[in-house]
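Please open the model in a viewer and keep the sequence beside it.

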Amino acid sequence: MSQPAIIIENLSKQYRLGDVGTGTLSHDLKRWWYALRGKEDPFAKIGETNDRTQKGNSEYVWALKDINLQINQGEAVGIIGRNGAGKSTLLKLLSKTTAPTTGSIKVKGRIASLLEVGTGFHPELSGRDNIYLNGAILGMRKREIDRKLDEIVDFAGIERYLDTPVKRYSSGMYVRLAFAVAAHLDSDILIVDEVLAVGDAEFQKKCLGKMGEVSQGQGRTVLFVSHNMEAIATLCQSLIILKNGNKDFDGHVDKGIPYYLNGAKSTEPSVDFSVSKNRHFERFGQNQFGQFLKIEIKKNGVPNSDFKIGDSIEIKLHLLLKNKSSVAEFGAVITNARGQRLHHLVSSWKELYTDLQPGQYSFKIITEPIQLYPSDYSISIWFRANDENASDDFIENAIQFAVSKNEEQSFQKLDRYCNNGGIFIKYQCKLEQEQ
Amino acid sequence: MSQTEQLIHKTEWTEEILPQSSLLDLKLKEVVRYRDLLWMLVKRDFIATYKQTILGPIWFFIQPLLTTLTFIVVFGKIAGIPTGGVPMLVFYLSGITLWNYFAECLNKTATVFRDNAAIFGKVYFPRLIMPLSIVVSNLVRLGIQMLLFLGICGYYLYQGAISPQWQLALVPILVVLMAMISLGAGMLISALTTKYRDLIFLLTFGVQLLMYATPIIYSLDSIPAKYATIIQSNPMSAIIETFRFAFTGSGNFSWMSLGYSAAFAAALLLIGTLVFNKVEKSFMDTV
């Protein structure tokens, strides 16, 4: 019964890095010269995978490379991936705002894309005029909008402001109106790109509800790009994970989300800073006195980067001291996935190290049982010599570790609160019936 | 795959997105389907231009009138360029009204990709709609300015200073030809400027220079014969001359030069549309 609504074959998209316009003419001429002799585009071959963290040798990158997909009718598909993985490029190709470099997309039915709400809204026009304008841009006929006007206004909840120029709207009202227009578009395939990040909680719920209704109730195909795992989990049945322009996963959402969350972090329990491959850390500092060589994390003496609530973490830093230092201070900072600093573990709060002679040192920290919410965390480390203000060596995101639920803990709903993460405190609670 | 299966497969897909499309695929059917958008855009332009102004659409009159007065003083009185017996007000206003339309269409169409990059980058609709909407919304302005011109013509007709000809019937065709030339040239330039913006600089003063190569401030009769051929090779010349001749009875009218303009307009529009369609698919990557 489920027929394909979209088939994507060998789809690739190449982009040129740097400043388009300088040197483009020479490349264009070269392309033209190759094409004239019936040869292949000389720049089509040299593209590299799109890993933004690594310095490439080529000016061309593949934002998407050889993507093959089939999406069935009535399916709600989530698309996730880190920033720069190619999600937006895929949506742009699907919505025809740009053409693929190679490959093809076959589509059955009308596509409506919500890459950005309120495209083409004119600030001077009234809400009503903008509904018509925006609807027309999205491909609706005037009759269609006439018929749905009341529904749209009702959904957006802006009836009182209908004849006021939208430049006088609050930003929330603006977004409501824009989403309302798009949501009422009669399309067979709806493409939505993270528009739910805007609007208040009530409206977000309304949007999710509307999208659920569109996919399950009306049997339309929905493609949904988001970083909000909860929204994806509730809305979508299948999941596509993109990584550096390649398809990394394609399957059921229940398998996809854990795969994505585990794949996104480094699971190595030790990092050697002299190896630049796969570097996800950033290094600052003068390195006049010394520099870190390596970091290790252990659990019960065994190298490990997966912890449970209540485990102790052992952090071991290896340092090469090149010059004599009268006072030395070490520190490790634990930050959560959103980059907030949670703990600062500083050596000088415990003891002072004075008159260190050049040589190789190791500095070890053992924490008390950790009380962090299940999530991903990272450790940044620093070293200060001679009581100077700036760190002599500072390595941000030196290593990552994960904290997961402790099986013995009885609260099963913890996952729901992970994104509001924080630190546990011990507490008692009790429920009593009042008279 | 059997032949019947192949056939079903072929008819099943509403759309196929490919790296290249056929050069001759103009997607005119799609343009027709999106015609409501065209009217919305025209309405938007009209409302948005004079929103929050006190005089509103009266500005449509003030602009050409002031330009005409300037021309009368500078070219008519100071430079003393002959107008061939036509009252100066009618002479200059006729040229300015038409030229304004042409220049505005050309300038706006030429930067259509740059001006609308935000919309084009987010939603797909036949891109041809945008330049078309520019031409049509300027038509509204031209219509209003024509009212002013007709009023002034009426006054001089009453005075007996001008004698309209049957070529008045050609005026709609003249407007269409102008629209075609500005649309064709504008789309051609817009396609070329997505990557290399140099042409935009050339365009702004190029249009000004072109005005002097068109009989706006002088009549074709009043210039030396050796320059006349150059001026006549400008497809806009015949349009302006015919327009002026139709209203005043002075000047030139020839089917030959008008035919030349028409052929030029058709060719330019065709080339412009082809190039525009070729570029629109991936201009977002370079604009």
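**Before selecting anything**

This is a predicted model, in which local features need pLDDT of at least 70, side-chain atom pairs count only at pLDDT 80 or more, and totals for chains, interfaces and linings use all residues. Residues are numbered from 1 along each chain as its sequence is written, while chains are lettered from A and ligands numbered from 1 in the order in which they are written.

**Chain A as a whole**

Select chain A, whose secondary structure comes to nine helices and 22 strands. Helices (H or I, at least four residues) and strands (E, at least two) are DSSP runs, numbered from the N terminus. Of the 435 residues in chain A, 37% are buried. A residue is buried if 20 or more other C-beta atoms lie within 10 Å of its own, exposed if 12 or fewer, and partly exposed in between, with C-beta atoms placed from the backbone.

Next, colour residues 72-263 as domain 1 and residues 270-420 as domain 2; such bounds come from an automatic or database domain assignment. The C-alpha centres of these two domains of chain A lie 41 Å apart.

**Strand E1 of chain A**

Select residues 4-16 of chain A, strand E1, together with residues 60-72, strand E3; the two pair in the antiparallel sense over nine bridges. Two strands pair if DSSP finds at least two bridges between them. E1(A) also pairs with E5(A), in the antiparallel sense over five bridges. Which residues stand opposite Ile7(A)? In E3(A) the residue is Gln70(A), and in E5(A) it is Lys106(A).

**Helix H6 of chain A**

Move to residues 201-217 of chain A, helix H6, where 17 residues reach 23 Å from first C-alpha to last, close to the 24 Å expected at 1.5 Å a residue. The expected span is 1.5 Å times one less than the number of residues. Show the side chains of Phe203(A), Cys207(A), Met211(A), Val214(A) and Ser215(A), which are buried in H6(A). These residues cover an arc of only 110° around the axis, which puts them on the same side of H6(A); the arc is that of the directions from the helix axis to the C-beta atoms. The other side of H6(A) carries exposed residues, among them Lys205(A) and Glu213(A).

The buried residues of H6(A) pack against several elements of chain A, including helix H5 (171-183) and strand E8 (221-225). After H6(A) comes Gly219(A), with a positive phi near 70°.

**Val222 of chain A**

Now select Val222(A), found in strand E8. Val222(A) is buried, with 22 other C-beta atoms within 10 Å. Beyond residues up to four places away in sequence, Val222(A) touches residues including Leu190(A), Met211(A) and Val214(A). Contact requires C-beta atoms, placed from the backbone, within 7 Å.

**The contact between the chains**

Finally, display both chains: the contact takes 29 residues from chain B and 35 residues from chain A. On the side of chain B that touches chain A, strand E1 (15-17), helix H3 (35-49) and helix H7 (117-120) each supply at least two residues. H3(B) gives the most, with six residues. This side of chain B divides into 15 nonpolar, four polar and 10 charged residues. Ala, Val, Leu, Ile, Met, Phe, Trp, Tyr, Cys and Pro count as nonpolar, Asp, Glu, Lys and Arg as charged, and the others, Gly among them, as polar.

Definitions and conventions: Two residues are in contact if their C-beta atoms, placed from the backbone, lie within 7 Å.
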